[in-house]
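Please have a look at it first.

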Amino acid sequence: MVKKMNSEDAVSVQETIFQTLLKTPHRQVDETLALHLSQFERDPHFYGLLATWALSGHNAIRDLDEIFIAVLFASSFPEHREAAYVLLQKLPPYQVERVCNFYTGWDEIVRHRSYDKKPLPKDVPGVTVRRACYGKRRSNSGQEIPVKTVELDKNTKLRRELVKKGLVRASDSSFTVTTYHVAHAGLGKGCLKGM
């Protein structure tokens, strides 16, 4: 049953969720996670039905399986949490870890090379990007990791490959590597209990 909306311009919960099923996040799940959470809040009953349908073999995208389970775990309804627990049992361990990360949030260290085409996720809601600092075990703990310059010698295999791929020009003699700390908020919940 599809709910009628007050405005013709408003997109229904069902249509928005089905649009996300047609997209593949490719490990960039922050926007999709936020969208699923907002859709869950708009219509938790429909979301629960869709999640169990999608996770019963009707969805081939692993990222979406993990997002569905994490959102169901975050639900205030015990039925959703029970369904999420049952669905979690079918996942391999690496996917269980991802579900936990989506539920609690996660951090990662990203080394960005000056020739990289892929931008850092700076304008994504729930993601904070800052320069990485040295850890507690180092004598210079808390200081920013400096930008590293990698020299490209004339006859190295790396230089030939980068020039062939068009990532650096033949005249370039070096590239830089900047280390960033990327924090993903996820759903921002506490640790899953009983796991």
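Accessible areas here come from the Shrake-Rupley method with a 1.4 Å probe, and for residues only the protein chains shown count as cover. On that basis the protein chain exposes about 12700 Å², of which carbon and sulfur atoms supply 52%. This is a predicted model, in which local features need pLDDT of at least 70 and side-chain atom pairs count only at pLDDT 80 or more, while totals for chains, interfaces and linings use all residues. Residues are numbered from 1 along each chain as its sequence is written, and side-chain values use heavy atoms, with hydrogens and water left out.

Taking helices (H or I, at least four residues) and strands (E, at least two) as DSSP runs numbered from the N terminus, the protein chain has seven helices and four strands.

Now to the salt bridges, meaning a side-chain nitrogen of Lys or Arg within 4 Å of a carboxyl oxygen of Asp or Glu: how many does the structure hold? There are three. One of them joins arginine 98 to glutamate 66 at 3.5 Å, N to O, and this pair links helix H6 (residues 93-104) with helix H4 (residues 62-73), 32 residues apart. With buried meaning under 20% relative accessible area, exposed over 50% and partly exposed in between (1.4 Å probe, protein chains only), glutamate 66 is buried at 0%, whereas arginine 98 is partly exposed at 22%.

Arginine 169 and aspartate 172 also form a salt bridge, at 3.2 Å, N to O; here arginine 169 is exposed at 57%, while aspartate 172 is buried at 18%.
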